Amino acid sequence: MTDLRPAVTARPALAGRSPGQRWRWPALGAVSLLLTWAALSWALGPDTFPGVGATLDFLGRELRRGAIWGHVGITLWRVVAAFVLALVVGIPLGLLLGRVPAAAAFAAPWLAVGLTVPRILILLAAYLILGLNERAIILSIALILLPTVAVQVREGVRSLDPRLAQMARSFRLSPAATLRSVTLPQLTPTLLGTARVTLSLAWKMVVFGEVFGRTSGVGYMIAFYFQQFEMRGILAYGLVMTAVLSALDGAIAMASTRAAAWQGTPPRPTGEG
């Protein structure tokens with residue numbers, strides 16, 4: 001019988017570390033980020049690039065006015081809607097492409113175009129066809145995200161361990177049981193890594209779309225303060241949205257780490273940035 005023990009008993013590299021060791025380098029990275037921000041403000045001047053304190057003061061003023069949460073909320077809604085729509089369509093499509101070579105060959109030109117076409121083209125085309133409305137921005141962003149999701153899941157399916165599929169056939173598991181007990185446990189780290197990449201791309205594209213075609217949201221407010229030459233407003237709104245999305249990304253990253261633990265491998269890299 002094929003020996004599967006190494007894949008089951010191995011432990012992740014970070015499992016034995018204390019909390020202090022685990023958070024030391026991320027904390028140092030955060031401190032270096034703040035120091036870089038302060039250095040840029042000092043080098044360029046506070047009028048050109050406000051420091052952390054001036055940005056937080058401006059953010060506090062916006063919070064007291066109560067205007068910021070409405071814009072953050074509508075942007076978050078657009079991000080989540082496009083993100084969920086892309087995953088709902090893209091994951092089954094990626095499973096199909098990973099399992100059926102003929103379908104993968106048929107879809108190859110579509111995916112090549114989807115991955116290489118300028119994203120702004122899809123966004124502006126949707127605004128011209130559907131109008132400047134919620135449906136246009138959400139559908140266009142989901143369409144932009146779809147090829148990335150499908151390709152990542154397709155590659156994850158192709159990297160599944162064939163020995164486990166062979167074992168499932170030996171035990172005469174049904175297709176549904178094989179999917180639930182064999183395929184999905186192996187594929188979960190890939191799916192969570194794909195979710196992180198998709199979420200990161202979704203919020204950037206939504207803000208981009210709001211700059212061009214909406215009258216609400218973080219992107220709209222960034223464009224508004226750009227027209228006012230108010231760098232503090234641009235940084236404040238970007239900072240809040242980054243914090244909210246970083247919290248969501250952190251939750252997915254933790255789930256990805258837990259999902260990868262049984263395989264003894266680190267989570268898949270997300271390629272964000």
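In this predicted model, the lining of the largest cavity comprises 4 nonpolar residues, 2 polar residues and 1 charged residue. The residues concerned are Gly114, Leu115, Val117, Arg119, Ile122, Ile144 and Thr148. Two or more lining residues come from each of helix H5 (101-116), helix H6 (119-130) and helix H7 (134-158). The space within the largest cavity amounts to about 40 Å³, and a search of the whole structure identifies 1 cavity of 30 Å³ or more.

On the surface, a nonpolar patch is formed by Val80, Val84, Leu85, Val88, Val89 and Leu139, which together present about 450 Å² of accessible area. The greatest contribution to this patch, 5 residues, is made by helix H4 (residues 68-99). Val80 is located in helix H4 and is partly exposed, its relative accessible area being 36%.

Across the whole structure, 10 salt bridges are found. One of them joins the side chains of Arg78 and Glu210, at 2.7 Å from N to O. This pair connects distant parts of the chain, with Arg78 in helix H4 and Glu210 in helix H9 (residues 175-213), 132 residues apart. Both Arg78 and Glu210 are buried.

A salt bridge also pairs Glu134 with Arg214, with 3.0 Å between the closest N and O atoms. Because Glu134 belongs to helix H7 and Arg214 to the loop between H9 and helix H10 (218-227), the pair ties together parts that are 80 residues apart in sequence. Glu134 is partly exposed, at 24% relative accessibility, whereas Arg214 is buried, at 16%. Through salt bridges with shared partners, Arg78, Glu134, Glu210 and Arg214 are joined into one network.

Technical notes. Residues are numbered from 1 along each chain as its sequence is written. This is a predicted model: local features need pLDDT of at least 70, side-chain atom pairs count only at pLDDT 80 or more; totals for chains, interfaces and linings use all residues. Side-chain values use heavy atoms; hydrogens and water are left out. On a 1 Å grid over the protein atoms alone, a cavity is a set of points where a 1.4 Å probe fits but cannot get out, and a pocket is an open set with protein on both sides within 12 Å along at least five of seven lines; lining residues have an atom within 4 Å of a point. Grid points are joined across faces, edges and corners, and a volume is the space filled by probe spheres set on the points. Helices (H or I, at least four residues) and strands (E, at least two) are DSSP runs, numbered from the N terminus. Ala, Val, Leu, Ile, Met, Phe, Trp, Tyr, Cys and Pro count as nonpolar, Asp, Glu, Lys and Arg as charged, and the others, Gly among them, as polar. Patches are made of residues with over 30% relative accessible area and no salt bridge: like charges are joined within 9 Å, nonpolar side chains (Val, Leu, Ile, Met, Phe, Trp, Tyr) within 5 Å. Accessible areas come from the Shrake-Rupley method with a 1.4 Å probe; for residues, only the protein chains shown count as cover. A salt bridge is a side-chain nitrogen of Lys or Arg within 4 Å of a carboxyl oxygen of Asp or Glu. Buried means under 20% relative accessible area, exposed over 50%, partly exposed in between (1.4 Å probe, protein chains only).
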